[in-house]
Amino acid sequence: MSETGNAQELPARVDRPWWLSLTERLIRPFVRIKPLPPAPEQPPLDTQRPVLYVLEHHGLSNLLILDRACRESGLPSPSARLPGTRRRAVFALSQRRGWFAPRAKLSDRSDRLQELLGDVRSQSELDHLQLVPVSIFVGRAPDRESGWLPVLFAENWVVVGRFRRLLALLFNGRNTLVKFSTAIERDRALEPEVQLESSARKLARVLRVHFRRIRAAIIGPDLSHRRMLVDRLLMSPAVRSAIVAQGSKEKGGQITAQRKARQFAREIAADYSHTVVRSASFMLRGFWSRIYDGITLRYFDQLLEDAPGREVIFVPCHRSHIDYLVVSYLLYRHGLVPPHIAAGVNLNLPIVGPILRRGGAFFLRRSFRSNALYSAVFSEYVRQLMRQGVSLEYFIEGGRSRTGRLLQPRAGMLAITLRGCLAEPSRPVMFQPVYIAYEKLLEGKSYIGELSGKAKKKESLWQLLRAVKVLRQRYGKVVVNLAEPIELSALVQAHSGEKSPTLAASAERPAWFNPLVDDLANRIQQHINQAAHVNPINLVALAILGTPKHAISRPDLLRFLDLAQSLLKDLPYGPRVSLSEMPPAEMVDYALQMDWIQCKPHPLGDVISAEGDAGVLLSYFRNNILHLFAVAGWVACCFLNNRRLSVAGVVRMGQQLYPFLKDELFLPWDSEQFAARIEAVADWLVEREILSKSSDGVFLSRPKEGSDAGFMIRILAHSLLQAFQRYFITLSVLTRNGSGTLTAAQLEKLCYLTAQRLAMLQELSGPEFFDRGLFKGFIQNLRDQGVVTADDQSKLSFGPELEQVAKDARIILGRDMRQGIIQVTPEAMEALAEGA
């Protein structure tokens, strides 16, 4: 950084020693300072009042870096004398002693502070003194590391000697971070009624805590003593109680139970290593540049403002195993500590597992509800991490999405986290949803098999070694959007009715706890969707898959891409939704370059198509953005088989179906907001001449058959059509079997078989059409909405409300599709009977 003009206006009384000036000239070529931004609420430093800078550790390099940072920022020099004293305007909390002197004691800090405060109290000129804590980190910025030596000598929690510090300056001096914190006023540090000794002890304690908090935020918490963490975990009351309970069931009693608990703790606990994290960031930089054309992080500045003083829990969507690496790498590269990540125990592979542990991964089993001891150990481990201020990351979907949609949340980790927060509320908790957008997936081929019904392959070291071949391909761009954060305190108060309720670890869950967990889970998914990024592959997939044979002329494709871009810009889904700025023609060329589509020349015009596996995988990227086009898709669906409908009718039917769409796509509006959105989208389609409105504004009409506008309507409608087909399948199976006949599990299986058969007969695109999870969610939603109820034998009963929903579905679906569903349904019933 260049020196500012303010540095030339400093008082002339700054008498820097000659040896300090000489040393600074020697190290100047090796040091480049990057000041960290102040917190938004931090008041500016008053340069007209006396300033005393407080460092964590004494050292010549720290003095030189501080002096230069002050000059470059236009702040008073630390080499200046404090008014009325011979002291310079800098104080080190930890004083380095002579070469052969014993290590300084903790009490020495208080003694030296007491001496300092005595000088301050005796000088009236220092009545308005400002004590400014300054943190200095040499070698923290991973995005500028150029080799292994900078990694080895980067900043950590160890207090290094003079020679190692010199090497750190030589290798990492150009990546030096300086943080000026909020000034401590003289009256706060030196209260008139308090004895000098007590004030010194209090100030030393405050400064120690402050420097540890800043260091933890910049380079990560001090987790170098894993064995001690495991010991503390086993001594906690909750785990001790679980050991006693387990001991009563074991042949070896509590000794065996204690041994099991320790094994569980070691299986779970991370073994965080700053050196491994820095080394991994160095290696990943080359890996990303080899397979991706760029990785972008958006809306990070807001997180940087919100994170200090809060427990941050990152909750990304889960699309790929790369998610773990991308989020941690980007946070570390932008100056935050990588969170500790909850990873499935299936990833605890030889060689890979220990590396992941040292990168901050802790492992959990897929299910441990029936294992009380394991549950107690895992829950206590999460509480220990939160107690230390460690940020966490986990995926509430439970596993990777194979369809591109957000999965229904599994709230186990959320419940464990909330119990930990409520048991020991030490700092505000903030959930940070994260949206990750890919243009091509490393696991694409395996997803094709799983979507087609094949069993998921278990992760193994051999499978990982075979994945090296991914380095031969390019996977486009990756965009990571940070969504609007969720403050936990407001939600807790809304559900519990108390401002700060506490919940002991061993206490029973109150009635409001489960609704709180469900509400938080749904809000996280909604916030993730409200931070979606729309890339060219998403829009091309939406257009191509909206055609019967996955083929479209180039002009039609360009028209639809322009229409979709305009819709997202004119009626934004959320403030953090981002959109590729590529023109439609460039989008098509880009998708061709990525081998997602093919261009077939023809005398009447080129035809763009997706064939084979590409068509299946494109459904994944279409599903990423289905929620963004849900309202437009609904309006378009209304006019597939109807020439004219009233605006009120479109709104009424939409509100009736909205609870099911909202649950499936995690839409953010309530019923009235959804109605207003329908009207806004309908008006927009009228403005674009896709629909027409009667002169009195009551009715909407579809365009002429075969027109360009009619073709656009069909593509938009297709994005939601399969959802309505699944709904009708469920309603058809229910009504044909009658009320009180089927259980929820039987209905789910019947729907799955019907949809699978129908997809075979009618070549419906997208294997997610017969996804059992989507049927299960819809059936549960029918129960939640009171459309169906379960009797004492778990049989589903329904009344006239179901008939009305089915009647509206007939308006949306064509006769051929309805008849096809009705014809296939009995065959599925027979298959169920044979299976029984």
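**A buried backbone exception, and what follows**

Select His550 to begin: at 16% relative accessibility, His550 counts as buried, a term that stands for under 20% relative accessible area, with exposed meaning over 50% and partly exposed in between (1.4 Å probe, protein chains only). This is a predicted model, in which local features need pLDDT of at least 70, side-chain atom pairs count only at pLDDT 80 or more, and totals for chains, interfaces and linings use all residues. Residues are numbered from 1 along each chain as its sequence is written, and side-chain values use heavy atoms, with hydrogens and water left out.

His550 sits in the loop that joins helix H21 (536-544) to strand E16 (551-553), where helices (H or I, at least four residues) and strands (E, at least two) are DSSP runs numbered from the N terminus. Although His550 is not a glycine, its phi is positive, at about 55°. Most residues other than glycine have a negative phi.

Next, select Ile351, in the loop between strand E9 (340-344) and helix H14 (352-358). Ile351 is likewise not a glycine and has a positive phi of about 70°, but at 58% relative accessibility Ile351 counts as exposed.

Finally, select helix H8 (residues 226-235) together with helix H9 (residues 237-247), which pack at an angle of about 65° with their axes 5 Å apart; the axes are lines fitted to C-alpha atoms over the stretch in contact, and angles run from 0 to 180 degrees between N-to-C directions. H8 is therefore roughly perpendicular to H9, the term used for 65 to 115 degrees. Leu233, Leu234 and Met235 of H8 meet Pro237, Val239, Arg240 and Ile243 of H9 in this contact, which means heavy atoms within 4.5 Å.

How values were computed:
Angles under 35 degrees count as roughly parallel, over 145 as roughly antiparallel, 65 to 115 as roughly perpendicular and the rest as oblique.
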